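Here is a short briefing to read alongside the structure. Have the viewer open and follow the points in any order you like.

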Amino acid sequence: MLELTNNTAIVTDVLAVEDAEPLLVWLQQHPHGKVDLSGCTHLHSATLQVLMAAQPTFIAWPPAADLAAWLQVALKVNTNVAVSNPF
Amino acid sequence: MISLLQQFLTEAREILEAVGDQLIGLETAPHDAARINELFRLVHTLKGNSGLFDFPDLTKVLHSAEDLMDAVRNEQITYTQTLADHLLAAADFISILLDEIQTQGCYTAERATEAQTLITALRTLRHSSDVHSETTPPPIEIQSGAPANSLLSRNTPTHQSLLKTLAILPESERMTYYRQLAAGMTNCWVRYQPEEECFYKGEDPFFLITQLPTPSWRRVSSRESWPALFELDAYRCNLEFELIVTAPIDELFEHFRYIPEQVIIEQIVLNDLIWPLVGIEKAGIALDDFIRTAQTRLATNDLTGLRHAVRTLLELTAPESRIASALRWLLLTTEITPLAHTIHHALLASIAPSYTLSDQNATPPAAAINTTAALDPLCFAVQQDILTAARTIAELTDTPPHWAGRMHALASGLAGLFTSLDQPTAVETLKIALEQSLMTGTATPMQAWLAAQSTSIQVLTETITAPAPQISPISNGTHSLPAARNGQHSSAVAADDDAKFGRRAEDNLPAPRTLKVDQGKVDRLMNLIGEMVVAKNALPYLAGRAENLFGVRELAREIKAQYAVINRIAEDMQDAIMQVRMMPVSFVLQRFPRLVRDLARKLNKDVQLTMEGEDTEADKNIIEALADPLVHCVRNSLDHGLETSEQRRAVGKSTTGHLIIRATTVSDRVVIEIIDDGRGIDAQVIRHKAYERGLIDEVQLERLTDHEAINLVFLPGFSTAEQITDVSGRGVGMDVVRTAIAKVNGHIELTSERGKGTRLKLSLPLSMAVTNVMIVRAHERRFGIPMDAVVETVRVPRNSISIVKHRQTVVLRGRLVPLVALNNLLGLSEPPHANDDDAYATLVVRIGNEHLGILVDDFRETVDIILKPLNGILAPLKGYAGSALLGDGSVLLVLDLQELVSCSN
């Protein structure tokens, strides 16, 4: 479920493939919009890549540790991504 | 849906047959690339087709087979007999599944476990090369000198992608993985690039990824950099997932089984983790003493001493330097994998890239690069590193006491490099440069030589690596991979292959020139033409009636003329329909290469099968009736006829036994011969066996000729096998064959020469559909007698009949022929009628190998009829081959003389 307010996109349960387009439009219109994933159990790859491309600010991460770990790797720039090769 | 499934089943069977053919063909030519490609294509097609239906086990087995064939095709593994065995087993299994699907609509649940066993077997074969390098500890390669020999089999583009990913992991993480691997854990690296259109196929790659066990390392990135947000297409997948997970590689392949082309899965091995050594380059540390000590200790396997030295040096070295990293790895590897000498040597060598080891046993890294390695982009990187290092050394301005040694070392390393690049002239000039340097006491000649070579090596390596520009050499420090890599699998070759197989999808199949028609439809045509023949035959009767009954001779003649036309067309039509039903003998013969191969292996015999005349055609029913008897005969030949190689050698024959199956057309019969050059049949043994089993009496034992004795094997209950094998010899044997052949009006003949071989000759009619019969009269009734049994028709005067042993006989053409009245055979009380000259109409027929004269009242015409077997309550009636409709609408009963005679006896 995707709930779009003036400044926050709130995701509950599963963010489905058909939510990708509305989410993209919203993010285009709200460049400083925030995303709340606290109720999210899974998000479809299409929505994932929208979030990755838009790089919005995230208010909260999903409670499931594994999903949160994946999303943080995918969505937060350079968090947990091991780049340590100085060359 | 049903028809789609039906079509799939039909096609799948054809593909399986073709697969079998290719596999058998590969037996003789295991490196035939065309066959291997064709085999891959077939398996690939079948797998693709199977995906349309919900038969997961079927698809999975095919998938494993496809993977395996792909590996064979790309020369990652070689085609072997074992591999063939497994693929054949898989083909058999799929054939069973297809049968079950055909009959029940699905297969039984137990098949899933069988499928799993097969898949595991296939996977094991596919990964056997990897497994070797992973499970066998990498040690014992001290002598080889090449530090990364265990990697040889893994030099694939995917493996290089793995190395690139591992290179970005910090040293500490790689060390953790090293510990885990050494402790027996399996870590695999997965890169999943979903295809762009995947969302339209209902796929959710991220979901698939989250279903995996929690990875120890992960990365989500975009395949191409993200476009501006307002240009983004949310439904064009641009994601790329990478992860390292502790899971068996099989499970991962299983997890991604539906999208194997979008994932790369590699199992990480110890060697992958060490390189590259990351850190700041620090020149000028005096490492000579340490290297020398370490080298000696390594050579004497004094690891404790070595570790002590390493620790000491580590304290003196800046922790962020590359050398410190190498030292830490040396500590770790000597502790966890004390036997991995190759790794230890490589690490030690990388600590002092410029240092040529004075120890005779060790080879400088450069010398380890062999000629073929020059093809490898990674080697290119290493070569560049060596050259860079060499230049650095040559430019050193200090003059330590060991300056001369340094020059020697430099030259020796470079000599190794240029030998590996197959440039002997460069090596010669290098020697001169070295001498000049040593004489003058300056490095200038060496520097000049290096400058000269740099340009030439640049050109050389660039041309070599050109086909694979996408793989950039691993960038950083010296000796990032001092590996001698196997040029056979070079990425250049792989890239070439990719290009070749990329065209596969475009291959156009020629428009089919054959139609697949359900057999029922042809049978219906067959029946219709049968009725047509009958209807046509009514015309002469009609003409007769017109003439005799109504007295219009003109009309009768016209009807007859019209009949001639219709008759010709009907006969042509009949012939055409026969042609449709004709099938090549290869339909039954094609199974024999496989059968002979399997049996020969089971019996441990060396057999070469030759098949001739596979395109000989005969009616479908005949061909089908041939199948089982032929299998039986071939089994017999293999089991009893052909000897083992040792036995053959002992009697002076070639060790390979020859089996020939030859099909020919002789007038209107198809003749199939099965000829072996085995031990032949001992007539004496047969005689005694038959006597022991009470099949013949003592008189026959004495009197039978060898030829007759040999043909005793056709008696029911005869088996000569000294031991019962699972191939043949259970007492049911050649009699079954003879009965089956006789059922379709065929006969069988056996000739054999002891020690030379055996020849079995099956002769069958080309077609069963139309039977030519002679009509005879007996006691006011008409009967048909198949023409192929009739030898001649004669009139026998009553006075030439003599009684021999209470039986009427007559001497015909110098031969005594017993006579029997048809009325007697049929149980009719009337005696046969003689004609006005007091002679009997006698039909001489052949029954078995005997001639018999049958007394009838009169002969009539011969007709072509469509013989219908007796059905329903008439079916158990003995003595009749069947019935047919005549032109006047009456029913003609056709006699089965053999049965009739044996009944009356």
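Which side chains meet in a salt bridge, one from chain A and one from chain B? They are those of A:D66 and B:R218, with 3.1 Å from N to O. Please keep in mind that this is a predicted model.

**The contact between chain A and chain B**
- Chain A brings 32 residues to the contact, and chain B brings 38 residues.
- About 2,900 Å² is buried between chain A and chain B, and carbon and sulfur atoms account for 67% of that area.
- The number of salt bridges counted between the two chains is one.
- Polar contacts across this interface come to nine residue pairs, with both residues at pLDDT 80 or more.

**The side of chain A that touches chain B**
- At least two residues each come from α1 (20-29), β3 (34-43), α2 (45-54) and α3 (65-75) of chain A.
- The most is given by α2(A), which supplies eight residues.
- By residue type, this side of chain A has 22 nonpolar, seven polar and three charged residues.

**Two positive phi values in chain B**
- Most residues other than glycine have a negative phi, and here are two to look at in the viewer.
- B:K805 has a positive phi, near 50 degrees, and sits in the loop between β15 (802-804) and β16 (807-812) of chain B.
- B:K805 counts as exposed because its relative accessible area is 75%, where the cut-off is over 50%.
- B:H806 also has a positive phi, near 65 degrees, and lies in the loop between β15 and β16 of chain B.
- B:H806 is exposed too, at 81% relative accessibility.

Key. Residues numbered from 1 in each chain as written. Chains lettered and ligands numbered in written order. Predicted model: local features only at pLDDT ≥ 70, side-chain atom pairs only at ≥ 80, totals over all residues. Heavy atoms only, no water. Contact = heavy atoms within 4.5 Å. Buried area = accessible area lost by both parts, 1.4 Å probe. Salt bridge = Lys/Arg side-chain N within 4 Å of Asp/Glu carboxyl O. Polar contact = N/O pair within 3.5 Å; in protein donor to acceptor, adjacent residues only side chain to side chain. Helix = DSSP H or I, 4+ residues; strand = E, 2+ residues; numbered from the N terminus. Nonpolar A, V, L, I, M, F, W, Y, C, P; charged D, E, K, R; others polar. Buried < 20%, exposed > 50% of the residue type's maximum accessible area, 1.4 Å probe, protein only.
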